[in-house]
Amino acid sequence: MSEIKVKPTGYYILVKMEEIKKEIQDGALKGFVTTSSVEQEREQSAHDIGVIVDIGPAAYSGFQGVPMEDPRGNPYTAAQRAAYWGCKVGDKVEMNRYDGKNIHHPDYEDHKLIQDAHIIAVLED
């Protein structure tokens, strides 16, 4: 990657989207002609599974049941609030289809900025 680094601000979460595989190797659809690049791009933007890369500083603040500070009164970080809510950097997550903001930088074409409330599940193996 180049020197430009994308860091989410506010309540956004940086998610690397999982690539949609277009290969059909066997089965009933063997030899199926793949779709055009425009259609593939549209399908990729509709994809709803990715991995959390970074969490914005205000993510999960103000969510009901998420404490803003520890018992000693020290403020929790965004990562600590997100972990309390159930997700952390490195988690494979599902989000709303077509959700998020595409990043217009060649090194981050497969990333999106997603609002914290739109992460709807952590996918465990």
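Colleague: How many salt bridges does a search of the whole structure find?

Modeller: A salt bridge is a side-chain nitrogen of Lys or Arg within 4 Å of a carboxyl oxygen of Asp or Glu. The search of the whole structure finds 4 of them. This is a predicted model, in which local features need pLDDT of at least 70 and side-chain atom pairs count only at pLDDT 80 or more, while totals for chains, interfaces and linings use all residues. Residues are numbered from 1 along each chain as its sequence is written, and side-chain values use heavy atoms, with hydrogens and water left out.

Colleague: Which residue forms a salt bridge with Asp54, and where do the two lie?

Modeller: Asp54 pairs with Lys7, their closest N and O atoms being 3.0 Å apart. Asp54 is in strand β2 and Lys7 in the segment before β1, so the bridge ties together parts 47 residues apart in sequence. Helices (H or I, at least four residues) and strands (E, at least two) are DSSP runs, numbered from the N terminus.

Colleague: Which residue forms a salt bridge with Lys92?

Modeller: Glu18 does, with the closest N and O atoms 2.9 Å apart. Lys92 belongs to strand β3 and Glu18 to the loop between β1 and α1 (37-46), so this pair joins parts 74 residues apart in sequence. Lys92 is partly exposed at 30%, and Glu18 is partly exposed at 31%.

Colleague: Which residues have the most contacts inside the largest nonpolar core?

Modeller: In soluble globular proteins, nonpolar side chains tend to be buried together. A nonpolar core is a set of buried Ala, Val, Leu, Ile, Met, Phe, Trp, Tyr and Cys residues joined through side-chain atoms within 4.5 Å. Here the largest has 16 residues, and those with the most contacts inside it are Ile13, Val15, Ile52, Ile55, Tyr60, Met95 and Ile119. Two or more residues each come from β1 (12-17), β2 (49-55), α2 and β3.

Colleague: Where does Asp91 lie?

Modeller: Asp91 is in the loop between α2 (78-85) and β3 (92-95), and at 11% relative accessibility it counts as buried. A polar atom of the Asp91 side chain lies 2.9 Å from the backbone nitrogen of Lys88.

Key:
Buried means under 20% relative accessible area, exposed over 50%, partly exposed in between (1.4 Å probe, protein chains only). A polar contact is a pair of N or O atoms within 3.5 Å; within protein, one must be able to donate a hydrogen and the other to accept it, and residues adjacent in sequence count only if both atoms are side-chain atoms.
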